[in-house]
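Dear colleague,

I am passing on the structure we spoke about, together with notes on what was found in it. Please look through the model first and then read on.

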Amino acid sequence: MTDFEAMYQRDDDPWSVRHSWYERRKRAVLMASLPRAHFDKVLELGCGVGETTYCLASIGGHVVAVDASTTAAAICARRVEQAGSENVSVQVLQLPACWPASTDNPFDLIVVSELAYYFSELELVSFMDQCVTSLAPQGVWVMCHYKPDFHDRIGSTDEIHNSVDKLHGLQKIISHDDEQFRLDIWRQAAGDCS
């Protein structure tokens, strides 16, 4: 996997998520595509510097934001703290080997953006299994990924999203596909959270 910690130590916003039109547009489409105005428990995997976390804090009862980079997680925590968001906890975890606990209280929204194409095939299978297991009945799973090729991508966006389409117990409820990114949203069927 890419050494994200080294990237964030060199540049506190390596993908220009705060200012680039692509990132701002993608965030706006993602937030506008959510099927509800409020979610009790939100999990954001690959939170980076916290721009999407900040948006999710406004619609989530409690948001768990996760990143592999200690530096990115610290920037994210500062971002939401400065905004006055007290409903966000930020964790540093190496996904998919480590996972935030959710078995007693599963998440009703999981957001994965610009992350899944860094996993090997075996890691991706584990990652997807854990996402499904962590969803509450009727929980919503968002996958949003950049489409053009780049040097450290392992899997293609279309292959990854199409793999989620094949998982049992999920119904695709929203799909946006343009030349820059693909956004898909699935809902877990009631009773299919295991």
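Leaving out residues up to four places away in sequence, Ser-113 touches Lys-26, Leu-45, Gly-46, Cys-144 and His-145, where contact means heavy atoms within 4.5 Å. Ser-113 is found in strand E4, and helices (H or I, at least four residues) and strands (E, at least two) are DSSP runs numbered from the N terminus. With a relative accessibility of 14%, Ser-113 counts as buried, on a scale in which buried means under 20% relative accessible area, exposed over 50%, and partly exposed in between (1.4 Å probe, protein chains only). A polar atom of the Ser-113 side chain lies 3.5 Å from the backbone oxygen of Cys-144.

Before going further, please note that this is a predicted model, in which local features need pLDDT of at least 70 and side-chain atom pairs count only at pLDDT 80 or more, while totals for chains, interfaces and linings use all residues. Residues are numbered from 1 along each chain as its sequence is written, and side-chain values use heavy atoms, with hydrogens and water left out.

The sheet

Seven strands form an open sheet of mixed pairing, in the order E3-E2-E1-E4-E5-E7-E6; two strands are taken to pair if DSSP finds at least two bridges between them. Strand E3 (88-92) and strand E6 (170-177) stand at the edges with a single partner strand each, so one side of each is left without a neighbour in the sheet. On average, and with direction ignored, neighbouring strands of this sheet are turned by 15° against each other; the axes behind such angles are lines fitted to C-alpha atoms, for helices over the stretch in contact, and the angles run from 0 to 180 degrees between N-to-C directions.

Strand E7 (residues 181-188) pairs with E6 in the antiparallel sense over seven bridges, and a hairpin joins E6 to E7 through three residues. Within this pairing, Lys-172 stands opposite Trp-186 in E7. E5 and E7 also pair in the antiparallel sense, over seven bridges, and there Met-143 stands opposite Asp-184 in E7. E7 is mostly covered, since seven of its eight residues are buried.

Helix H4 (residues 70-82) lies across strand E2 (60-67) and E3, and runs at about 170° to E3. Helix H6 (residues 157-165) packs on the sheet and touches strand E5 (135-146), E6 and E7, its direction making about 10° with that of E7.

The nonpolar cores

Which residues have the most contacts inside the largest nonpolar core? They are Leu-45, Ile-110, Val-112, Phe-127 and Trp-141, in a core of 30 residues; a nonpolar core is a set of buried Ala, Val, Leu, Ile, Met, Phe, Trp, Tyr and Cys residues joined through side-chain atoms within 4.5 Å. Helix H1 (4-10), strand E1 (39-45), E2, strand E4 (107-113), helix H5 (121-134), E5 and H6 each supply at least two residues of this core, and H5 gives the most, with five residues. Beyond its neighbours within four places in sequence, Trp-141 is in contact with residues including Ile-110, Val-112, Met-128, Val-164, Leu-170 and Trp-186. Apart from this core lies another, of 21 residues, among them Leu-34, Val-42, Leu-109 and Cys-144.

Backbone details to check

A cis peptide bond, with omega about 0°, joins Leu-95 and Pro-96, and Pro-96 has its place in the loop between E3 and E4. Glu-114, in the loop between E4 and H5, has a phi near 60°, a positive value in a residue other than glycine, and Glu-114 is buried, with a relative accessible area of 18%. Gln-138 lies in strand E5 with a phi near 70°, again a positive value in a residue other than glycine, but Gln-138 counts as partly exposed at 37% relative accessibility.

Cysteines

The structure holds zero disulfides, a disulfide being a pair of cysteine sulfur atoms within 2.5 Å. For Cys-76, the closest cysteine sulfur is that of Cys-47, at 3.9 Å, which is too far for a bond, and Cys-76 counts as buried at 0% relative accessibility. For Cys-55, the closest cysteine sulfur is that of Cys-76, at 11 Å, also too far for a bond.

With best wishes

Notes. Polar contact = N/O pair within 3.5 Å; in protein donor to acceptor, adjacent residues only side chain to side chain.
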